[in-house]
Amino acid sequence: MSTLPSAIVNQDEQYLVDNARRRKQLSIWFYFLCVAIALISVVILVVLMVSIWSQGQSRLTTDLLTRAHSELEIERSGMWPAILGSLFVCGTCALVALPLGVGTAVFLEEFKPTQKVLRWIHGFVQLNIANLAGVPSIVYGLLGLTVFVYMFNVFGQIRVNESAGMEIMGYKHFYQVLTLEPGHVVFAPQTDPTVRQITFDEPFQAVDPDGNPIEISIWTPGTPKPTDPEIRRRTVRSGAIGGTITERNWYYFRLPFDKSFLSGGLTLALVILPIIIIAAQESLRGVPSSLREASMGLGATTWQTVRDVSLPAALPGIMTGSILAMGRAIGEAAPILVVMGAAVAKSSGPQHLMDDAVTMPVLIFNWAGRQQDEFKELSAAAIIVLLVILLLLNSTAIYIRQKVQKAQS
Amino acid sequence: MPTAPLNQYAEGELMSLPKALQNREFRSTHAGAFSERLIVISLALCAVATVLITVGIIYMLITESAGFFRSDAVTMSGFLTDTEWTALQSKELEQATFGILPLLSGTFRVTLIAMLIALPLGLVTAIYLSEFASARIRSWLKPTLEIIAGVPTVVLGYFAILVISPSLQMVSDGAFSTFNATSAGIAVGILCLPMVCSLSEDAMRAVPRSLREGAYGLGCTPFETSVKVVVPAALSGIISAFLLAFSRAVGETMVVALAAGTLPTMTLDPTQQAQTMTGFIVEMIKSESEYGTVQYYSLYAVAVTLFLITFGMTLCGQIIRRRFQESYQ
């Protein structure tokens, strides 16, 4: 026999009334607790913004935007190389991650296999992507360090003035040698890349700093020294020693990549790849299947359907997701720090593919960790610049989303 | 015998065949089929690349940390049980001890504090968003959380040393050292909060209305409905959100590198410095240690530990979400 609930059996009216009141009271308290806790996140955001603004607003000068980091003139340090560096690194990252990510998403969403084994593999790849999204970014940094910077040490290590790795294109080696005119140097082309130093005692062909070929003659000590500056510029003392110098074009390419912006960009691409894939997949999933079926019914192949129907319909979502992923890439510091190092002394943007670079988050990290108050304030100012850039990016994403929603409704 | 014209209707009549049929432009499909296959293969290669990344990570971690464990200065048991980690402090290899426990203890101190902040706050905010908040409140609370989620971690690290650490010192009369586990933990908690909140909220929104209506029909108060009906119904999603947040907190780098200090300590005291695993990796990179030394390889040994913990957590989270997802269709 089933027993009745105690509330019905035990009809103690006073108890029932009290209990109901207590429960209602508790519910109201809980509601206010919810409101209070939800407000905490707003408070956190406000405190964050206000404290950083008040710390950094005095340093928001044109110096900050146009000059480079300087140890000597702390007051006038700036973040222009870092802005350029972030641009290059994130550009590389976008060029690699976007096609790869969208391609993977299209493959996983639109070419779903039917055989059992392939379906199992499909599920495995899917789970793998979800797991990759959870790998800490610093582990990607170490992957970049091993694979791009050192390339498992297969091509040897790059050391200043010792070895340059395996150079492939975009370089010219010269021997740099002083002429008799003080401070004037000429460059003789290097023929044997293993000889790092050469002694001149015979006339040779060379180029001057402007790139014009000139004939260099030799002056032996003891004989009368030429006095005409034009001739002095074309004369080298016998026994002068020339060291190597390399002229690099923008497409200079070598293996391993060393601590270059290319390594940084490729590593960042690995970090945001899972984010882009997941966003693009969700966006493709949102395209109604009736559209695809109509296209198939008209005789289009799967790829034609994807190209002309699914992708255009999913494009706004993919773009929004990609922009948000790029926002993540711009603010990401840990993998860049591991791959490109923590140095911030660079005073210009990257000059060639293998050049190193500073990025904004690394500069902020470096400044924030210093003792001097000036650097702390500069760091806050740099954070404001970074947040403004992120805000612009995110508003673009929201703008696209809203424009599309309007067009679809 | 002349073939009948395909276009049986004279011009001007109502129906006409498509132009391709009228002009008998039948293209060979061979080229089309070939290019289609080419495209599918290249798309498949993209998908394979994602698997290669995982393979690459695992291969890199195994081969490079093998370089660490091969060295005479380290043993596996010493690595797991020693209570000192002095890879950076001692320049001489003989004096360096490599015991992962202090780094682990630092990581878990920071993570624990972060979870104490992120889990309750995130869950209650999620309950509020999914059960109580009006559309207008949602429309500004959600973007607020999205902005917090989008703040770069290095900014939160700066916030920790600019605001959180000094206020902790002020409140406690200087009991906290300048760099301490608590301030880093709070900042990491702020970082995880939006993640816990949005994942739990998604799970709770997936609970069908009928369950709530049933609860209200039986006389439940809003509190009882949300805590005793909706939360248990969404439990798999909430637990997976917790696990994902936990793994995010363990792998968080920039906040701890800035705010948690650089001394590996083996204590439970949250007011002291606490170098975490990620914090050590950053310090090691900053010290620009030579490629190939034991100290350099110790990076990978730490990374293996970090990877195993986060990978396990994420995997559990994913499996729980997939396996135990209640479906209400």
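In chain B, 71% of the contacts with a separation of 6 or more are between residues 24 or more positions apart. The model is predicted. Chain B contains 13 helices and 0 strands. Of the 329 residues in chain B, 45% are buried.

One helix pair of chain B was examined in detail. A pair of packed helices is described by the angle between the axes and the distance between them. Helix α10 (residues 235-251) of chain B packs against helix α13 (residues 294-323) of chain B at an angle of about 165°. Their axes are 8 Å apart. Angles over 145 degrees count as roughly antiparallel, so α10(B) is roughly antiparallel to α13(B). The crossing of α10(B) with α13(B) is left-handed. On the α10(B) side, the residues that meet α13(B) include B:Ser236, B:Gly237, B:Ile239, B:Leu243 and B:Phe246. On the α13(B) side, B:Leu306, B:Ile309, B:Met313, B:Gly317 and B:Arg321 are among the residues that take part. By class, this contact has 10 nonpolar, 8 polar and 1 charged residues.

The two chains also meet each other. In this contact, 68 residues of chain A touch 66 residues of chain B. Helix α2 (residues 13-56) of chain A supplies 20 residues, the largest share of the chain A side. That side has 47 nonpolar, 19 polar and 2 charged residues.

A:Ile400 lies in helix α13 (residues 373-408) of chain A. Is A:Ile400 buried, partly exposed or exposed? There are 16 other C-beta atoms within 10 Å of A:Ile400. A buried residue needs 20 or more, and an exposed one has 12 or fewer. A:Ile400 is therefore partly exposed. Leaving aside neighbours within four places in sequence, A:Ile400 is in contact with A:Pro316, A:Met319 and A:Thr320. A:Met319 is 81 residues from A:Ile400 along the chain, yet their C-alpha atoms are separated by 8.1 Å.

Technical notes: Residues numbered from 1 in each chain as written. Chains lettered and ligands numbered in written order. Predicted model: local features only at pLDDT ≥ 70, side-chain atom pairs only at ≥ 80, totals over all residues. Contact = placed C-beta atoms within 7 Å. Helix = DSSP H or I, 4+ residues; strand = E, 2+ residues; numbered from the N terminus. Nonpolar A, V, L, I, M, F, W, Y, C, P; charged D, E, K, R; others polar. Axes fitted to C-alpha atoms, helices over the stretch in contact; angles between N-to-C directions. Parallel < 35°, antiparallel > 145°, perpendicular 65-115°, else oblique. Left-handed = near helix turned anticlockwise from the far one by under 90°.
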